[in-house]
Each structure stands twice: as C-alpha cells, then as structure tokens.
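Please walk me through this structure, from its overall layout down to individual side chains. I would like the cut-offs behind each term as well.

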Amino acid sequence: MTHTERIKIFDTTLRDGEQSPGCSMNLEEKIRLARQLQRLGVDVIEAGFPIASDGDFAAVRAVAAECREASVAALCRTTEADILRAWEAVGGAARPRLHTFVATSDIHLEHKLKKTRAEVLRMTRDAVRLARSLTDDVEFSAEDATRSDVDYLCEVFAAAVEAGARTLNVPDTVGYTTPGEFIELVKTVRERVVAGRDVTISVHCHNDLGLAVANSLAALGAGARQIECTVNGIGERAGNAALEEVIMALHVRSDRLPFACGVRTEEIYPTSQLLSETIGFGVQPNKAVVGRNAFAHEAGIHQHGVLSNPLCYEIMTPESVGVPANRIVLGKHSGRHALSRRYEELGFALSAEELGATYHRFTKLADRKKLIYDQDLLSLLPAAGSRETDSHVPADELMFEIAEAYSG
Ligand code: KIV
Ligand code: ZN
C-alpha cells in the first residue's frame, strides 16, 4: 500500500476568488457558499480581507460564527490596523487564522510599497509577532515570491518563522513560474528556512499561463503541504488553481501523487454549481471536472466505448464528483450504439432494421442541427404500429412528458 501524507486544502474562493471582476457576493451568498465549502471538506476557508470594506468585515465575522469545523482565515497586510481589524472579524471563529502578507519582489518594493528590503523585513517580523500575540495560527505570505530574490525571500521567511508563523505561503502572484522552477524554489525554502521545524509550506498559484494546477501539484513533491485554490478556478485575472482539478488529480493519480485530503469529491459539482449560480456565470463547457462537456461524449467511437465500459474514455466517473451521470450528446458524430441506447432510455426498443433506417434519418438531421433533442428523436421514429415499444407509454404522451421536462 502506498504511504499517503495528509495535505491541507485552503480555499480562497471567498477572498481571492471574490476579488475577480464580476465575482462579488453579498453576505448571504458568502455564508451559503461557506457552508457548502465546509460540507465539501476544505481545511481552511479564507473568508475575506476585513480592512478592505465593511462588507468584507461583516462577511468574515459571519463565516467565522457559522463555520465551526473548518479553520476560518482573514487576510491582512502587515500594518497594525489591518491585523487588529482582521482579528476583530475572525477572532470568534472556532479555529481562527490570521493570514498576513507583504510583497518581497524588488519590483513590488520599488514601485508599489516604496520600501527598502530592510523595511519589509522589519514589517514582516512586527506583523507576525503581533498576529501571534492574538492567535497561534498565523500564516505569512510573501507576495510575488516567484519573482523575488531567493536569498532575500528566505531571509524574510526566516524572520516570519522566528516571529511565530506556522504556515509559510509561497505565492506565484502573477502566474509566472513553471513546475520545474517552482519545485526548486519550494525545495530551497524547505531546506533553508523550514529545516525540519513544524512549519507548513503552502503554495498559492495564479493561472496566467494556465499552469496554476500543475505548479501546485509539482510543489507537493518538493515539500508543500497546503494548496491554496478556488472553486471553478476563479480569482484575480486568469484566476487561481482550480480546487476541483487539484482534488481530482490527487484522486485519479494517487499512484503519482500519494497525498490525502479531507475533501468529499461528491460535493465538488454541487459546490461548483452553487458558485456559478451565485456569481451569475459558469465555467467554459470544456472545463476539466465541472464543465458541461467534462463527461459528455459525442463521437460515435467514444460513445460506443463509454457505453460498453466507461473506463474506455473516462478516467473518473461523473458520480465521483457529484455529476448525476455521464452525458451522451447526440450530434452528427454519434453512432448507432448511442442512438439505440437513447431510444431504449426513452422506452423504444428498435429492431436492427428500424435502427438502420432511423439512424439514416438521424444523420441527415444532425448535419443540419447542432444538438438533437429527444423531441427530434421521436419525430425520427418509424410510423407507430410498425415498431415495437417496451414502454407501454403512447408516443404522444411520452412526447408531452419530455416537452414538460424541457420546459421545466
Ligand atoms: O496572489 C497573491 O499573492 C495573494 C496573496 C495575498 C496571498 O493573493
Ligand atoms: Zn492570489
């Protein structure tokens, strides 16, 4: 049996995710989503950035009161006002976490913070010390870590650990790194800073080059034990590492990624759907794991394979992520097997001869129409009386039921 190590899943849908354009949520929506995140089984829910607005403050406080199983994190910069405000919001949680951050790259120091390296080092030490005087659970993030000078980054991380940080987060803030490079960086932090101490290395990857999930998973091999991610991968610009992709990669490829986490995979799709409904937009159809087409098969060869044994073309079952069933989409690439199966589901057992004739009509229609609905299939059937049915439901009644189902 493979030895599996437990890692933490830190969800930042309500903070980094909510920061992205068009993704803002009101208080009730955040609470509903936080409850679902807890049902999903994430370890940490980052509920917001309390100093940013009164709305964020209220949301963090409400989530802290509501979610008693997960840790609830509040984000704050390294100023005293930020930290105290964050604590005021999250202090009532059963497991409160203060997450303080400051940028460490020269470009951020020079152009954004207008601070020297020595000043940022001091800010880190003071902030973590203050946060640690309020709670044991302090996470420190070095914003833009992947574009920071590595010696300086390690110096700042070391100061954070000395001041009491229990989690060191290595963010790829601008989605710039690559898996190989990130492995080296995380390994360096593990060897030079953590050096056997009880400090968790976390990673927080943005998706500007489409590498957020790959980078996060790669970091596990280098010693990271917490992944920060968001549902549907929402987040600043191109988003954050998508939670559903990280989790299912761990499940499907446990041979290569021997890490366990507390997420209940069957809650993935319901969580994704809830988020999409809440923010008013969903994921692209071909989005891994939760997209409309993630378990849909249209090509005839694929449909035949999946109907014979789903493992032919599916590496995980739709049910395992909470999707009701795989979706055989009928279109011009579909074959006879899929067509016959759909008719059977609709209650019609076609003879080989009937299937041949119906399939011929089907391909003609499919050339003209992008999607073929059940109503279309019924209209393609040979005339009533000349075919067998095992459903005992008259075709017009069935048609009515189907029409009802679609309009509902
Ligand atoms: O992307 C980033 O650097 C962040 C930090 C606040 C962790 O979101
Ligand atoms: Zn971020």
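This is a predicted model: local features need pLDDT of at least 70, side-chain atom pairs count only at pLDDT 80 or more; totals for chains, interfaces and linings use all residues.

Residues are numbered from 1 along each chain as its sequence is written, chains are lettered from A and ligands numbered from 1 in the order in which they are written, and side-chain values use heavy atoms, with hydrogens and water left out.

The protein has 408 residues, of which 52% count as buried; buried means under 20% relative accessible area, exposed over 50%, and partly exposed in between, with a 1.4 Å probe and protein chains only. Its secondary structure comes to 16 helices and 12 strands, which are DSSP runs numbered from the N terminus (helices: H or I, at least four residues; strands: E, at least two). Taken along the principal axes, the C-alpha atoms fill a box of roughly 85 × 40 × 40 Å. Contact means heavy atoms within 4.5 Å. Among contacts between residues at least 6 apart in sequence, 72% join residues at least 24 apart.

The domain assignment gives domain 1 (5–279) and domain 2 (296–407); such bounds come from an automatic or database domain assignment. The centres of the two domains, taken over C-alpha atoms, are separated by 45 Å. Seven residues from domain 1 and eight residues from domain 2 take part in the contact.

Asp 16 in helix H1 (residues 13–17) and His 206 in the loop between strand S8 (200–205) and helix H9 (212–221) are 190 residues apart, and the pair links distant parts of the chain. Asp 16 is buried, with a relative accessible area of 3%, and His 206 is buried as well, at 4%.

A search of the whole structure finds three aromatic pairs. Rings of Phe, Tyr and Trp (its six-membered ring) pair if their centres lie within 6.5 Å; planes under 30 degrees apart count as stacked, over 60 as edge-to-face and the rest as tilted. One of the pairs is Phe 49 with Phe 101, edge-to-face because the ring centres are 6.1 Å apart and the planes lie at 70°. Phe 49 lies in the loop between strand S3 (44–48) and helix H3 (54–66) and Phe 101 in strand S5 (residues 96–103), so the pair ties together parts 52 residues apart in sequence. Both Phe 49 and Phe 101 are buried.

His 108 belongs to helix H5 (residues 106–113) and is buried, with a relative accessible area of 14%.

How many disulfides does a search of the whole structure find? It finds zero, a disulfide being a pair of cysteine sulfur atoms within 2.5 Å. The sulfur of Cys 67 is 16 Å from the closest cysteine sulfur, in Cys 229, too far for a bond. Cys 205 is in no disulfide either, with the nearest cysteine sulfur, that of Cys 229, 10 Å away. Cys 67 is buried, with a relative accessible area of 0%, and Cys 205 is buried, also at 0%.
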